[in-house]
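I'm jotting down what I look up as I go.

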Amino acid sequence: MPKNSIAIRLTNEGMFKPSFTNRTIVEGMVGLNKNLMFHVQGFMSDMDGKYRVEGGSFYTKYRFLSLDNEHSHFRGALYGRISTSKREMTSEDINLEGDNSGWQGGLVITQLIHKLALSATVGYSSTFKKQDDMLYFDPSMMFHSPTPMFMTMKMPDEMVNYSLSSGYLLLPFVYKNYNQPNFNLYFEVLGKTNPANGNSYLDLAPAVQVILNSKTRIDLGYRFQATGNMPNRYLKNMYLARVEFNFFNALSKN
């Protein structure tokens, strides 16, 4: 995020099965300087029936490496998050954007090459509330036993998360000024592994992005699970709609 700038982001994400539920995230972002930025988020959803406020989150990122050239750059940053939520989750998939209370830290590496942007993230998450393991019914085990089989599920405790993202500027073909609309395509691969039992999953998330006057950004995407063996995953096969308004040099004294 540019220094001395602020932004407001509104995100809605949701699922259609087994019934339609959705979450709204209100987010304020501040770029204190070229190296340090932070976000403050609030979460609301009807995922437990009635639409209600779930909690909030504080996220910060510190850029420690910048190798900038014309039409390219290579950057490295450390990030951290602390979140609170009133939800009582029954999945080992830790989500600190609404579902769990906990903390997260990690490393982000980004590379821009002309119209192509690449990003790799690796991090670790842990919940504040430690819970006992629970039993769940696994229908697939009925093929191996004439009686219902119950498996042990590790409750949310810790998780290793990783992702690869790519974005490509499709339009305009030639840049003439900053007021030209931008049309970007991007694609993300997102995964998590529970180090306690090795359960993991890998999601794919294609999306489109439009940027107007270099200030207003609109994202539409869909995320679905490509592979995984993590039981009772709650956040899979979900859409995302987002709008973001940027105010550059809003904190500048000049």
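How many helices and strands does the protein chain have? I'm working from a predicted model, and I count 0 helices and 14 strands in the protein chain. Read from the N terminus, the order is β-β-β-β-β-β-β-β-β-β-β-β-β-β.

Next, the chain as a whole. I find that 38% of the 254 residues are buried. Of the contacts with a separation of 6 or more, 54% are between residues 24 or more positions apart. I get an accessible surface of about 14,200 Å², and carbon and sulfur atoms hold 63% of that.

Then I went to Asn95. I find Asn95 in the loop between β5 (72-85) and β6 (102-113). Is Asn95 buried or exposed? Its relative accessibility is 11%, and the cut-off for buried is under 20%, so Asn95 counts as buried. I also checked its side chain, which makes a polar contact with the side chain of Asp99 at 2.9 Å. Setting aside neighbours within four places in sequence, I list Arg23, Asn100, Lys192 and Leu235 as contacts of Asn95.

Last entry: the second largest pocket. I note about 300 Å³ of space in it.

Notes. Residues are numbered from 1 along each chain as its sequence is written. This is a predicted model: local features need pLDDT of at least 70, side-chain atom pairs count only at pLDDT 80 or more; totals for chains, interfaces and linings use all residues. Side-chain values use heavy atoms; hydrogens and water are left out. Helices (H or I, at least four residues) and strands (E, at least two) are DSSP runs, numbered from the N terminus. Buried means under 20% relative accessible area, exposed over 50%, partly exposed in between (1.4 Å probe, protein chains only). A polar contact is a pair of N or O atoms within 3.5 Å; within protein, one must be able to donate a hydrogen and the other to accept it, and residues adjacent in sequence count only if both atoms are side-chain atoms. Contact means heavy atoms within 4.5 Å. Accessible areas come from the Shrake-Rupley method with a 1.4 Å probe; for residues, only the protein chains shown count as cover. On a 1 Å grid over the protein atoms alone, a cavity is a set of points where a 1.4 Å probe fits but cannot get out, and a pocket is an open set with protein on both sides within 12 Å along at least five of seven lines; lining residues have an atom within 4 Å of a point. Grid points are joined across faces, edges and corners, and a volume is the space filled by probe spheres set on the points.
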